[in-house]
Amino acid sequence: MQPHKKSQTAIQIVLALVLVFFIISFGVVFTLNFRPLYYFDIGHLNISETSGYPADEIRENYDALIDYNLFFGPDTLSFPTLAMSESGRIHFEEVRQIFVAVQILCIITLILAAAGILWQHTKKDVRYLKYASILAIAIPVVLGGLIALNWDQFFVTFHHIFFNNNYWIFSPDTDPVIKILPDTFFLHCAVMILGLVILGSLLCFIIYRLKVRAYSRAGH
């Protein structure tokens with residue numbers, strides 16, 4: 001392969017990785033902000049019955065938690081009606097740091113991906129879309145398989161990877177918020193994120209095929 005072609009292929013791979021990071025981070029940010037998923041689960045998972053709190057109160061406390069995790073959210077977490085332990089406060093601070101980092105990553109990769117796509121558009125080279133499609137589909141296949149095999153183990157392993165303490169293991173006596181956050185809801189969040197990543201992969205592939213056909217007809 002000629003040096004020019006090698007460098008161009010490397011650029012395509014880097015742009016594909018940037019696009020994949022955007023797709024993943026966008027999936028996380030979208031799911032974080034998609035509150036109707038939780039509102040649906042309040043009834044679907046019978047959270048009111050299992051927690052002992054009315055639906056309105058559950059939504060109010062959940063909204064406070066989500067607002068706290070947003071980039072421009074409040075600096076401190078305060079639940080409207082639920083108590084919180086010191087270890088619970090520390091854990092939610094760590095969670096917020098992760099979510100804020102993902103939101104920053106989403107913005108940065110969006111800008112980089114947009115700039116790279118505009119640049120490659122002038123070169124009529126869209127291989128990055130094919131590479132991104134392959135990479136993006138591989139991630140949900142692997143993670144989806146692990147989740148399907150054992151969600152509970154996946155959930156525990158995830159926390160061990162991202163947190164260096166056991167503060168995420170809440171006691172309902174000191175941190176009653178755990179009563180309104182069943183594991184199944186987090187499973188639904190994981191499924192939504194993986195679904196959005198798959199959708200992003202499909203969009204990359206479809207756009208790639210359309211662009212290749214268009215360039216072929218134009219004689220490029």
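Helices here are DSSP runs of H or I with at least four residues, and strands are E runs of at least two, both numbered from the N terminus. Just after helix H2, Asn 46 takes a positive phi of about 55°.

A word on the model: it is predicted, so local features need pLDDT of at least 70 and side-chain atom pairs count only at pLDDT 80 or more, while totals for chains, interfaces and linings use all residues. Residues are numbered from 1 along each chain as its sequence is written, and side-chain values use heavy atoms, leaving out hydrogens and water.

Let's look at H2 itself. Its buried residues (under 20% relative accessible area; exposed is over 50%, partly exposed in between, with a 1.4 Å probe and protein chains only) are Arg 35, Leu 37, Tyr 38, Asp 41 and Ile 42. Seen down the axis of H2, these fall within an arc of 150°, so they line one face of the helix. The arc is taken from the directions from the helix axis to the C-beta atoms.

Next comes the largest nonpolar core, with 22 residues, including Tyr 38 and Ile 180. Such a core is a set of buried Ala, Val, Leu, Ile, Met, Phe, Trp, Tyr and Cys residues joined through side-chain atoms within 4.5 Å.

| Element | Residues |
|---|---|
| H2 | 35-44 |
| H4 | 55-69 |
| H8 | 183-217 |

H4 provides the largest share, five residues.

Asp 75 counts as exposed because its relative accessibility is 68%. Its contacts (heavy atoms within 4.5 Å) include Arg 96, and the C-alpha atoms of Asp 75 and Arg 96 are separated by 9.7 Å.

Terms used
Lists of a residue's contacts leave out its neighbours within four places in sequence.
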